[in-house]
Amino acid sequence: RSGYDAELEYVDRLIGSFRDELARAGVWDRALVIFLSDHGESLGEHGERTHGYFIYQSTLHVPLIFHWPAGARGLPASVEEPAGLIDVAPTILDFLNVPAQSSFAGRSLLKPGAANAVFSESDYSRDAFGWSALRSLRAGRYKYIAAPHAELYDLQKDPGEQRNLIAAQPAEARPLEAQLAKMVAAHAPQQTASNAALAPEKLAALKSLGYVAPSPGGSLRNSGADPKDRLSEYRRYERAQDEILSGRNASAIAILRKILASDPQNTLARRDLGVALNAQSDYRGARANLEKVVAAAPGDFVAQFELGVALEHLGMLRDSLERLRQACRIAPESAGCAREMKAVQEKQRAP
């Protein structure tokens, strides 16, 4: 928390100097300036240390401040109804008297009228671990979260979202659930050509490793574990990440192996285990894990690169070069990948 407070102080200082520079240049009083944030930080609330895993207000409720140019008249001092970042662009265009695109789903906050329901989602746990995605809709005081174990909160009485009312007030949840389902169905993702072209046996293999999660397909009935039920596993994974970043790879390996013992489909943990094993010079162990990962996620740069490194140290230069080529195709801007590939090519040419 002290580190986060220091970040806030630093950002505050930067914003202050930015504002002062605009004032010195004679721009501030003539400028429309909008201050907002993409997300907040949980800092331990609901057991979440950072952001992205859950969709509680600790990460969703962010500042949105408009500084109007001097002389602007008839503009609201504040808007009390819930608003979303999707409403920022329509508000700017409305202030400039420019028609909004017909495709815009947001509303201008300068227009009186009923507030839109605010939609939020996180696909992180689904995309990273094969668990369920989370989606929510807030309308007025109530917020509904669609998950395997659904949630309903009265944000007026319970802004910290500590009392799940889904069982006690199902009548409040039903219209929000229906509206959310309609919204998700209207914006259902189309199946990608690459997925459609996969052979059934290959798709089954990918799903067995937990990398391909069932798409919502326009439905709120997400399969996969509820992220709430896997929080302890996720926090162990975060600890392993900290250990890797701190160079304590032996400790990270122990944590990741425990995760995989209980959840062998956690492909992200398996990838990081391969990375840590490489760092410990256990190239055979790294290869065994990373080959499973690239079979499930051929587009993962880290897995392809680290497998190339493991194969290089095992003397399998031709296979190493192929993996490094794959990695460099994924991330052509990576200088490290290019250097590693050149080193393997030089080893191949050596007598």
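Is Glu-121 buried, partly exposed or exposed, and what is its relative accessibility? At 42% relative accessibility, Glu-121 counts as partly exposed, where buried means under 20% relative accessible area, exposed means over 50%, and partly exposed lies in between (1.4 Å probe, protein chains only).

The structure is a predicted model, in which local features need pLDDT of at least 70 and side-chain atom pairs count only at pLDDT 80 or more, while totals for chains, interfaces and linings use all residues. Residues are numbered from 1 along each chain as its sequence is written, and side-chain values use heavy atoms, with hydrogens and water left out.

## The chain as a whole

The protein chain holds 14 helices and six strands, these being DSSP runs numbered from the N terminus (helices: H or I, at least four residues; strands: E, at least two). Along the principal axes, its C-alpha atoms fill a box of roughly 80 × 55 × 45 Å, and 38% of the 351 residues count as buried. Among the contacts with a separation of 6 or more, 54% are accounted for by residues 24 or more positions apart, a contact meaning heavy atoms within 4.5 Å. The accessible surface comes to about 19700 Å², and carbon and sulfur atoms contribute 53% of that area; accessible areas come from the Shrake-Rupley method with a 1.4 Å probe, and for residues only the protein chains shown count as cover.

The chain carries 42 positive and 43 negative charges, whose mean positions are 4 Å apart. In this count Lys and Arg are positive and Asp and Glu negative, with His and the chain ends not counted, and each charge is placed at NZ of Lys, CZ of Arg, CG of Asp or CD of Glu.

## Salt bridges

A salt bridge is taken as a side-chain nitrogen of Lys or Arg within 4 Å of a carboxyl oxygen of Asp or Glu, and by this rule the count comes to 21.

| Pair | N to O distance |
|---|---|
| Arg-49 and Asp-242 | 2.7 Å |
| Glu-121 and Arg-135 | 3.3 Å |
| Arg-248 and Glu-243 | 3.0 Å |

The salt bridge between Arg-49 and Asp-242 links distant parts of the chain, with Arg-49 in the loop between strand E1 (33-36) and helix H2 (57-60) and Asp-242 in helix H8 (residues 231-245), 193 residues apart. Arg-49 is partly exposed at 40% relative accessibility, and Asp-242 is likewise partly exposed, at 28%.

The salt bridge between Glu-121 and Arg-135 also links distant parts of the chain, from strand E3 (residues 118-122) to strand E4 (residues 134-139), with the partners 14 residues apart. Whereas Glu-121 is partly exposed, Arg-135 is buried, with a relative accessible area of 4%.

In the pair formed by Arg-248 and Glu-243, Arg-248 is partly exposed with a relative accessible area of 43%, while Glu-243 is buried at 14%. Elsewhere, salt bridges that share partners join Glu-121, Asp-123, Arg-126, Asp-127 and Arg-135 into one network.

Asp-87 lies in the loop between strand E2 (64-67) and helix H3 (88-95) and is buried, with a relative accessible area of 2%. Leaving aside residues up to four places away in sequence, Asp-87 touches Gly-106, Arg-107, Leu-109 and Asn-116. A polar atom of the Asp-87 side chain lies 2.9 Å from the backbone nitrogen of Arg-107. The C-alpha atoms of Asp-87 and Ser-108 are 6.0 Å apart in space, although the two residues are 21 residues apart in sequence.

Asn-249 belongs to helix H9 (residues 249-262) and is buried, with a relative accessible area of 12%. With residues up to four places away in sequence again not counted, Asn-249 touches Glu-243, Ile-244, Ala-276, Ala-279 and Gln-280.

## Positive phi values

Leu-43, a residue other than glycine, has a positive phi near 55°; Leu-43 is found in the loop between E1 and H2 and is partly exposed, with a relative accessible area of 26%. Glu-161 also has a positive phi near 55° and sits in the loop between strand E6 (151-154) and helix H5 (170-186), where Glu-161 is buried with a relative accessible area of 2%.

Methods: Polar contact = N/O pair within 3.5 Å; in protein donor to acceptor, adjacent residues only side chain to side chain.
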